[in-house]
Amino acid sequence: MSLSSVDSLISANHFGTFFGVTQEVLNNVWANLTNPNVHSIAYISMEIGADPDVFHPVKDFLEENNIIQDPNPQLDAFVHKYLYETRKVPNYSGGLGVLAGDTLKSFADLHLPALAISLLYREGYFSQIVDSKVGQIDHATCWQPETTPTLFQLHTPGNPKQPLTIDIPFYNGQQQPIMVKAQVWMKLEINNQRDYFVPEFLLDYSLPDTPTWVKESAHQLYNAKSTIIKANQRRMLGSAILPLLDSLGFPLQTIHLNEQHGVTVTLHMILRDLRHRLGEQWAEVMTDADILASAKRVAKKIVYTIHTPVKAGHDRFSRDLYSSLSHKAFQRILNLVAHDEDIAHEYNFTAMAMRLNRAINSVSRLHRDVTKKQFPEFSDKIKAITNGVHHLTWISDERKACFNRIASLKNWQNDPSRFAAISHEDRLPLLNLLDQAWQVDNQRLISSINAMLKNHREQMVETWIDPPNYLSSLPEQQWLRPGVFTLGFARRFSTYKRADLIFDNIGRLADILVDNNWPVNFVFAGKAHPADEPGKYVLKLILDNQEELYHRSRGLGKLIFIPGYDMQVAKLMVAGVHAWLNSPKRPLEASGTSGMKAAMNGVPNISIMDGWWVEGYHQGLTGWKFGYEGPVDEADLSENPESLLYAEDSTAFYRLLPTVLEMFYNQPDQYMERALQNLLLNVSVFNTHRMAAEYVDQYGIALSPQLRETINGFRRLYQSNQA
């Protein structure tokens with residue numbers, strides 16, 4: 001390997017020196033984003049999950065070429081960082097953030113002119129310790145952005161030793177803004193070919209002179225200590241967008257709001273538009289008609305994706321509170337565009353995002369129908385773009401090697417639609433290879449869990465923590481074994497997701513296993529928000545069910561909880577389990593991308609007919625359904641415990657489970673056929689390449705003929721909004 005190849009991975013511009021792409025690639029991306037004639041996209045998300053420990057094209061390049069050091073000290077430092085430093089960027093809480101990261105990776109794969117903006121949280125999302133007696137214990141996440149691969153602190157042009165800072169206006173009940181500084185970090189979402197990237201800009205408010213009220217809000221994602229902190233986090237994102245674009249020299253084209261968290265950017269856009277049209281006296285002379293006309297112009301630049309029908313997911317702030325956070329002009333604007341139809345004394349930021357856009361999309365067909373029911377005023381405007389996942393991130397290495405050996409899957413890494421065209425001749429070889437890969441991935445998951453059990457048992461002696469798994473107290477020969485049917489569940493522990501549903505009647509569940517001598521591993525993971533006490537209670541119930549299930553099933557049912565859920569744990573699970581469980585109350589699961597990640601590996605789902613599974617079920621070819629399937633018009637959208645249908649839906653699961661286990665243990669060929677059908681029917685559809693192709697319509701991007709052909713090919717695969 002020539003040194004010139006390593007040299008080519010370094011590039012620079014007036015904002016810094018970067019590693020991972022060539023100078024030509026950096027220049028190309030930057031030229032597109034600074035060119036007012038190129039329609040670029042600013043993707044705004046409160047959280048972005050794209051840990052470089054699950055997708056790492058630069059690290060792969062170094063390892064494939066046996067590059068472990070370099071005589072150039074600068075290059076050697078980069079090589080060391082990418083090969084050996086901690087690879088987590090813990091600025092995400094769950095599916096929303098991981099979807100954002102997957103979206104940006106597909107934007108990079110497709111060479112779309114896009115950038116992303118989010119916040120950098122010095123304490124990330126909370127870290128989770130789980131104690132069998134206490135349950136979830138929250139503590140701050142410790143990480144160092146300075147040593148994290150793919151992250152670069154930008155500097156002031158012409159002064160490499162001076163970090164780039166931008167001035168961000170905050171109106172705390174005053175007409176004149178308080179200017180707060182934030183540093184700017186750039187994360188490179190580099191595609192698999194390393195010939196393009198999407199820059200993700202993270203705003204770091206943790207500076208020595210930062211006001212205390214900003215610092216307190218900047219530490220941790222979704223800090224819920226007070227409503228003011230919650231409101232400030234939204235302001236810190238939305239208020240920084242225009243100053244950041246101005247500082248970088250990026251013209252304002254289309255802003256894509258991934259949820260409503262950054263919607264306050266529209267206030268600043270309206271203010272800027274009014275000042276441009278009415279002059280410096282705009283605040284004194286503007287009328288309501290002027291505001292509404294300006295809002296209409298601003299709306300043409302906004303695309304909005306709504307992700308949840310759950311009321312807790314919609315930001316509402318009292319008018320009294322917001323009067324202390326904004327000046328009178330902002331309050332006049334909010335009165336016109338953020339009024340809540342049901343609660344007169346509150347501003348509804350979801351309703352505001354609904355009003356100020358040129359396009360609204362939900363994240364599945366069923367979610368579209370629910371959203372229309374929730375927001376009938378915007379019913380004609382609400383479309384469906386069903387979520388996807390980044391296939392190169394979530395398909396395991398073993399599965400990738402398997403797919404690479406199938407002739408009709410040639411180029412699948414760049415084109416996931418190849419899975420829809422698997423030839424008849426390739427199906428049997430693919431099934432054999434898939435079965436072998438699955439066994440390896442299952443062994444890897446089981447080995448990881450058993451190592452965790454051993455570690456927890458040792459920690460029990462060394463610390464005050466009681467192991468979160470009952471099996472830690474048993475002899476090692478009673479721990480998990482590979483090849484045993486393994487059911488996976490991993491997601492945020494909100495009450496409507498009903499993580500404990502299948503344990504509602506442990507006696508009946510245990511009888512199914514004992515009567516048929518069927519061993520089952522139940523592998524669970526996930527976090528409850530630190531302020532979500534009902535969610536924490538559900539997590540504790542999982543822990544409390546372990547010993548009873550084990551004994552009542554005579555050791556056949558082994559329930560495991562993996563603490564510290566993150567993308568790495570998720571990737572291990574979605575490839576290593578034999579089926580993926582999703583048990584929300586229909587229709588409160590807007591999408592449910594974890595099941596898509598399992599399907600990418602051929603793993604069947606066992607799911608309530610909610611979110612994406614309504615589209616991915618295919619009359620049972622790809623997995624199983626259970627539970628309530630009532631129409632949306634009659635659906636109860638409440639999370640009230642009495643309305644969560646535990647008895648009805650758990651009973652449906654117990655009726656279904658023997659069918660699944662009998663097929664797994666006694667009809668493996670039929671079980672593998674469901675795995676094959678996932679590859680044929682779901683991989684080509686539920687990926688972020690297809691999703692991005694559908695978004696391109698809303699963006700209005702002018703594409704080159706070659707890229708237009710590629711995008712149209714993905715779009716023809718599936719049109720989310722048709723049904």
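A cavity is here a set of grid points where a 1.4 Å probe fits but cannot get out, and its lining consists of the residues with an atom within 4 Å of such a point. In the predicted model examined here, the largest cavity is lined by 16 residues. Of these, Phe-55, His-56, Pro-57, Thr-150 and Leu-188 lie nearest the centre of the cavity. The volume of this largest cavity is about 130 Å³, and the total number of cavities of 30 Å³ or more comes to five. Two secondary-structure elements, helix 3 (57–64) and strand 11 (178–190), each supply at least two residues of the lining. Strand 11 gives the most, with four residues. By class, the lining of the largest cavity comprises eight nonpolar, six charged and two polar residues.

Seven of the lining residues of the second largest cavity are nonpolar, four are polar and one is charged.

The largest nonpolar core contains 108 residues. Within this core, Phe-485, Phe-503, Phe-522, Phe-524, Ile-606 and Phe-653 touch the most other members. Helix 18 (residues 424–462) provides the largest share of the core, namely 11 residues. Apart from this core lies another, of 99 residues, which includes Phe-126, Val-265, Val-337 and Ala-338. The surroundings of Ile-606 illustrate the packing in the largest core. When residues up to four places away in sequence are not counted, Ile-606 touches Phe-485, Leu-487, Ala-579, Trp-580, Leu-581, Asn-582, Trp-624, Phe-626, Phe-653, Leu-656 and Val-660. Two of these partners, Phe-485 and Phe-653, are themselves among the core residues that touch the most other members.

His-578 occupies the loop between helix 21 (567–576) and strand 22 (579–582). Because its relative accessible area is 7%, under the 20% limit, His-578 is classed as buried. Leaving aside neighbours within four places in sequence, His-578 is in contact with Trp-438, Asn-442, Gly-483, Val-484, Phe-485, Thr-486, Val-603, Pro-604, Phe-664 and Tyr-671. The C-alpha atoms of His-578 and Pro-641, which are 63 residues apart in sequence, are 30 Å apart in space.

Asp-511 is placed in helix 19 (residues 506–516). Its relative accessibility of 41% lies between the limits of 20% and 50%, and Asp-511 therefore counts as partly exposed. Asp-511 and Ala-224 are 287 residues apart along the chain, and their C-alpha atoms are separated by 42 Å.

The backbone has several features of note. A cis peptide bond, with omega of about 5°, joins Arg-586 and Pro-587. Pro-587 is found in the loop between strand 22 and helix 22 (593–600). Positive phi values also occur at non-glycine positions. His-111 has a phi of about 60° and lies in the loop between helix 5 (95–109) and strand 4 (114–119). With a relative accessible area of 32%, His-111 is partly exposed. Asn-411, with phi near 75°, is found in the loop between helix 17 (397–404) and helix 18. The relative accessibility of Asn-411 is 44%, so this residue likewise counts as partly exposed.

The structure holds zero disulfides. Cys-142 counts as exposed because its relative accessibility, 76%, is over 50%. Cys-402, in contrast, has a relative accessibility of 4% and counts as buried, since this value is under 20%.

Terms used. Residues numbered from 1 in each chain as written. Predicted model: local features only at pLDDT ≥ 70, side-chain atom pairs only at ≥ 80, totals over all residues. Heavy atoms only, no water. Core = buried A, V, L, I, M, F, W, Y, C linked by side-chain atoms within 4.5 Å. Buried < 20%, exposed > 50% of the residue type's maximum accessible area, 1.4 Å probe, protein only. Contact = heavy atoms within 4.5 Å. Disulfide = S-S within 2.5 Å. 1 Å grid on protein atoms, 1.4 Å probe; cavity = no way out; pocket = protein on both sides within 12 Å on 5 of 7 lines; lining within 4 Å. Points joined across faces, edges and corners; volume = space filled by probe spheres on them. Nonpolar A, V, L, I, M, F, W, Y, C, P; charged D, E, K, R; others polar.
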